[in-house]
Amino acid sequence: MIARVVQLQKNGFNATLVSSAVEALRRGALVVLPTETVYGIAVRADDAAAVEHLMAAKNRSEKNPFTLAFAGVDRILPYVPYMSVKAERLARRCFPGPITIVMTADFPESAIYQLPENSRQYVMPEDSIGVRVPRHDFTQAVLREADFPVALTSANLAGQVDSTSALEVVRAIGDKVDLIFDDGDSILKEPSTVLQFARNSNVYRILRQGAVSCKQLDRFAQPMILFVCTGNTCRSPMAEALAKDILARKRGVPLERFEETGIQVYSAGTCATDFSPASSEARHAMQALGLDLSAHISHPVTGKLLDYADLIYTMTPTHRLQILSAMPEIARKVFTLARTSGGISDPYGSSFEVYETCARQIRDELEKEFSSADFAQIVFPEDI
């Protein structure tokens, strides 16, 4: 019997359809869900019979494990309690999105051991599991509502071409699944990129090239440092310029080729407007130290910047409080520069000499910050 097909575009995205998908999964059904890459078959991962049913439907080798799909990074952590710095960085920046990350999960406290052994062997045949957070509103909603783990695999027979539409799913395995949610053609029409981290390390390799290129992944994996002041026209731009100079020297790279350090450094302001230049006083102070702020344009602090950054340095405790009032969950990575002496005072309206003193204070504080073991562990984990 051919599976029942539910047209999402025709019926619209509503809570009733989400609940119907979750209830079908709860009963052990094989449910086909759309993603941004290809269509996938979802199944309740803690139901051994349902997982066995999926194996039979796919005609899949036990050596090819199923991925676990989640609504967000917070739900992944119980399964992979010891993400490396770089793995956590990629998950934070790329999820939801078209990558699958394979990480070590065979720790006694891992939630993977709450799955039945018969299910676990198809999700973690060795010591690692693959995790995915699809970027599709309906599928995200299903994964959020499900109060059980969900395994996901491409909606095709093993070894066959991936299905990028519900019609292709029906043709490929329509008689082997129970329910298909049709949302038209997949946006990307190619599978996720799969990368695997070596055990407890920051080193990864590409297992399958997909929608995200190696070059894009390398960029996403780079550490990011963000400096925050109020208007992003003096203190934080000076900190950005000084940080690049210090880090370039530490990495043995000329400042004009800073991108070769593999580090991203930005600045922003809590009350900044777009495209204002650095103040003339700040430019003068940087010139005195052999640096150039003439190309700087201001940017406001955004949630994405705060989420992407690995380290955030605010100029005063007040800036830190402003950030944490909006995003308290990032407290572990937000610090005030010169925090033992109350931060970096605003030189606005003062003389060039005051700006120069401010710049030297920022430089001295950054030299200390960048020499710490904690900084190295976050920014240069592969060197440790």
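Visitor: Which residue of E9 does Ile99 stand opposite?

Guide: This is a predicted model, in which local features need pLDDT of at least 70, side-chain atom pairs count only at pLDDT 80 or more, and totals for chains, interfaces and linings use all residues. Residues are numbered from 1 along each chain as its sequence is written, and side-chain values use heavy atoms, leaving out hydrogens and water. Strands (DSSP runs of E, at least two residues, numbered from the N terminus) pair if DSSP finds at least two bridges between them; E5 (residues 99–104) and E9 (residues 193–197) pair in the parallel sense over four bridges. In E9, the residue opposite Ile99 is Thr193.

Visitor: Which strands stand at the edges of the open sheet, and why is one side of each left without a neighbour?

Guide: The ten strands follow the order E1-E8-E2-E3-E7-E4-E6-E5-E9-E10, with mixed pairing. Each edge strand has a single partner strand, so one of its sides lacks a neighbour in the sheet; these strands are E1 (4–7) and E10 (204–208).

Visitor: How much space lies in the largest cavity?

Guide: A cavity is a set of points on a 1 Å grid over the protein atoms alone where a 1.4 Å probe fits but cannot get out. Grid points are joined across faces, edges and corners, and the volume is the space filled by probe spheres set on the points. The search of the whole structure finds one cavity of 30 Å³ or more. The space in the largest cavity is about 70 Å³.

Visitor: Which residues lie closest to the centre of the largest cavity?

Guide: Lining residues have an atom within 4 Å of a point, and 13 residues line this cavity. The closest to its centre are Tyr82, Ser84, Met103, Thr104 and Asn200.

Definitions and conventions. 1 Å grid on protein atoms, 1.4 Å probe; cavity = no way out; pocket = protein on both sides within 12 Å on 5 of 7 lines; lining within 4 Å.
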